[in-house]
Amino acid sequence: MKIQKSLKLAVNILLHSKLRSWLTIIGIVIGVAAIVAIVSIGEGAQVSVNERLGGLGADIVTISPGFQRATGNFRGFGDGEGSATTSQKNLTNKDIQTIKSVNNILFVNGIVSGRADTSYLAETASLSIQGVDPLAWSNMITTGLSSGRYLNSGDTNMIVIGSRVAASTFKQSLVVNRDITIEGKPFKIVGILESSGNGDNIIYMPIDQARDILNKSTDYYDSISFKVADASQVDAVVNETTQRLMISRQLLGKTQDFSITSAQAIQEQIQSVTQTFTIFLGAIAAVSLLVGAVGIANTMFTSVLEKTKEIGIMKAIGAKNRDIMAIFMLNSALVGFAGGVMGILLGIGISTLLPQFLGGIAGLGRGGITTVVPLSLVIEAILISVLLGMLAGAIPAYRASKLKPVDALRYE
Amino acid sequence: MKKSLIKLENVWKIYLMGDVEVAALKDVSMSIDEGEFVAIVGSSGSGKSTLMHLVGCLDLPTKGSVFLDNKDISSMRESELAQIRGKKIGFIFQQFNLIPNLTALENVMLPLEFQNMDGGEAKEKAMALLNVVGLDDRMHHRPSQLSGGQQQRVAIARALSTNPDVILADEPTGNLDSGSGSEVLSLLEKLWKQEGKTLIMVTHDLNLARRSQRQIHLKDGKLWSVKT
């Protein structure tokens with residue numbers, strides 16, 4: 001019998017199967033749905049991590065004082081809650097000079113940061129201030145401008161503000177060329193950054209004025225960041241810089257007292273964590289798939305039993321063993337396929353709805369979690385369910401094919 | 001002299017019921033010629049169904065040989081037997097035995113599809129046969145939407161679809177009222193006369209058996225008498 005005829009008969013059996021046969025594929029549906037949802041949320045997390053950290057630029061490296069052991073992975077993120085900090089020796093101009101001497105570094109940006117009272121039209125808010133080297137900063141920042149310009153060297157009393165500072169800090173939105181007061185001094189807004197999820201709350205200004213406002217000495221930096229000429233050389237440059245700083249800070253043979261982190265490394269670490277998590281959850285979902293496969297096998301055994309007489313009839317009118325085998329294998333593959341398709345639809349549904357709930361709970365709203373359903377995942381999920389279906393149907397189909405025609409015919 | 005189509009030589013069929021051996025057929029020898037209309041008659045338990053299964057290549061004898069077209073089927077593999085069933089034998093059952101989820105047309109096409117016949121050709125042939133049995137207006141009905149007589153006529157069309165040498169009818173009217181029963185029988189007789197097929201009918205009804213050319217009576221698994 002031709003394969004398309006066998007398929008036609010298999011489809012016929014599937015369409016006429018009873019409700020309980022459909023119920024048994026729920027295992028596959030749930031398994032596939034869970035895997036699709038988990039993987040797509042995982043992928044989405046990767047994408048949003050990449051987007052946020054990508055905003056930092058993979059070729060940007062940040063150095064901050066203090067060294068954290070063991071859990072130093074996420075150092076340089078936020079204001080570094082250093083728990084096992086060994087020493088608090090500040091970053092100085094000497095360190096900037098040392099870093100500038102390393103090859104393949106394009107720009108070095110010394111940063112001071114802190115909070116300052118900012119007033120505009122009788123409203124006052126405490127906002128984050130970052131004092132930067134205007135030239136280096138303008139060349140390193142990856143966030144685009146929504147209006148105005150970046151800082152220029154030689155700018156005085158001028159600031160560039162993050163999108164949230166502009167849009168939602170004061171009753172009236174801030175626009176370019178408006179003057180605002182920071183710690184009693186007037187500043188003119190020359191640029192507003194696009195929203196990037198990173199640094200949206202920060203006011204950027206030339207470092208000298210920031211030191212003045214934040215009361216920091218002229219030889220003090222809260223952090224130093226630099227841009228590597230080629231993202232592929234980040235690791236080598238980080239090593240080189242570390243060694244030179246160890247020498248210049250006279251730390252040879254002692255413990256490192258600064259942290260040096262590349263955005264790339266953070267990205268990789270977060271990715272590996274999300275990946276591990278995705279695989280772990282995916283493995284749990286796979287168990288459900290396995291249970292689903294056993295469910296299909298069970299249904300197939302019942303179906304073969306129910307169809308014993310029909311198998312006998314088909315054999316009497318010329319069906320060969322392999323025809324029967326093909327019909328039942330295809331039937332079971334179709335059950336898997338149907339389960340896979342339903343599972344994918346359900347999974348996509350869950351992956352679109354779940355983040356909204358999670359976002360609400362964890363305060364990750366603001367479109368925080370996105371989900372991504374890769375096409376490869378859809379194809380793999382369908383292939384796996386079809387394969388599981390065939391696997392589950394193999395033994396029942398084989399049994400069906402081996403039924404003796406005379407016994408099958410007599411079966412009532 | 002006519003050619004012998006089916007020949008049984010000292011055929012035994014022994015079933016194992018638990019630990020007890022039960023002989024359904026005991027040393028049966030007989031021959032059926034090409035183009036003959038034979039009735040196999042016997043009460044229930046006489047072994048007539050077993051005999052039909054052997055002649056129809058649905059089962060193999062425990063001892064002895066069954067020849068179809070001078071070929072010994074006793075030593076054939078299942079795939080070869082399936083081939084013979086598909087090509088040379090058309091079955092008509094008491095229970096009609098149509099596939100419930102297929103339409104009349106699809107049921108008649110099925111044996112042709114098992115023989116790898118092209119879909120369009122199979123459909124044409126099946127439609128022609130349904131026309132012959134007078135069901136051209138019921139082609140797309142499922143068995144459950146047909147009366148018993150109609151179902152049996154579909155089964156006859158199905159049995160004829162591969163143009164077999166032998167039609168094996170197992171109590172073809174057993175589940176029908178007398179009206180449709182005699183219609184079905186007339187149809188079978190007509191086909192036998194027109195197409196020159198060998199018709200073997202298993203029945204316990206002596207009135208039906210009388211319409212055949214020859215009656216083979218079975219009792220307790222033994223050949224009892226042969227009436228011509």
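Two strands count as paired where DSSP finds at least two bridges between them. The legends below describe close-up views of a predicted model.

**View 1. Parallel pairing of β3 and β8 in chain B.** Strand β3 (residues 37–41) of chain B runs parallel to strand β8 (residues 198–203) of chain B, and 5 bridges join the two. Within this pairing, B:F37 has B:L199 of β8(B) as its bridge partner.

**View 2. The open sheet of chain B.** The sheet consists of 6 strands in the order β6-β7-β8-β3-β9-β10, with mixed pairing. At its edges lie β6 (89–92) and β10 (222–227) of chain B, each of which pairs on one side only. From one strand to the next, the twist averages 20°.

**View 3. The hairpin of β1(B) and β2(B).** Strands β1 (residues 4–17) and β2 (residues 20–33) of chain B pair in the antiparallel sense over 10 bridges. B:K7 stands opposite B:S31 in β2(B). The hairpin has 2 residues between the strands, and B:G18 takes a positive phi near 70°.

**View 4. The contact between chain A and chain B.** Chain A contributes 18 residues to the contact and chain B contributes 21 residues. On the side of chain A that touches chain B, the elements giving two or more residues are α1 (3–15), α10 (308–316), α11 (321–362) and α13 (405–410) of chain A. The largest share of that side, 4 residues, comes from α10(A). By class, the side of chain A that touches chain B comprises 8 nonpolar, 4 polar and 6 charged residues.

**View 5. The domains of chain A.** Chain A is assigned domain 1 (3–52 + 268–410) and domain 2 (90–256). The centres of domain 1 of chain A and domain 2 of chain A, taken over C-alpha atoms, are separated by 53 Å.

Definitions and conventions:
Residues are numbered from 1 along each chain as its sequence is written. Chains are lettered from A and ligands numbered from 1 in the order in which they are written. This is a predicted model: local features need pLDDT of at least 70, side-chain atom pairs count only at pLDDT 80 or more; totals for chains, interfaces and linings use all residues. Two residues are in contact if their C-beta atoms, placed from the backbone, lie within 7 Å. Ala, Val, Leu, Ile, Met, Phe, Trp, Tyr, Cys and Pro count as nonpolar, Asp, Glu, Lys and Arg as charged, and the others, Gly among them, as polar. Domain bounds come from an automatic or database domain assignment. Axes are lines fitted to C-alpha atoms, for helices over the stretch in contact, and angles run from 0 to 180 degrees between N-to-C directions.
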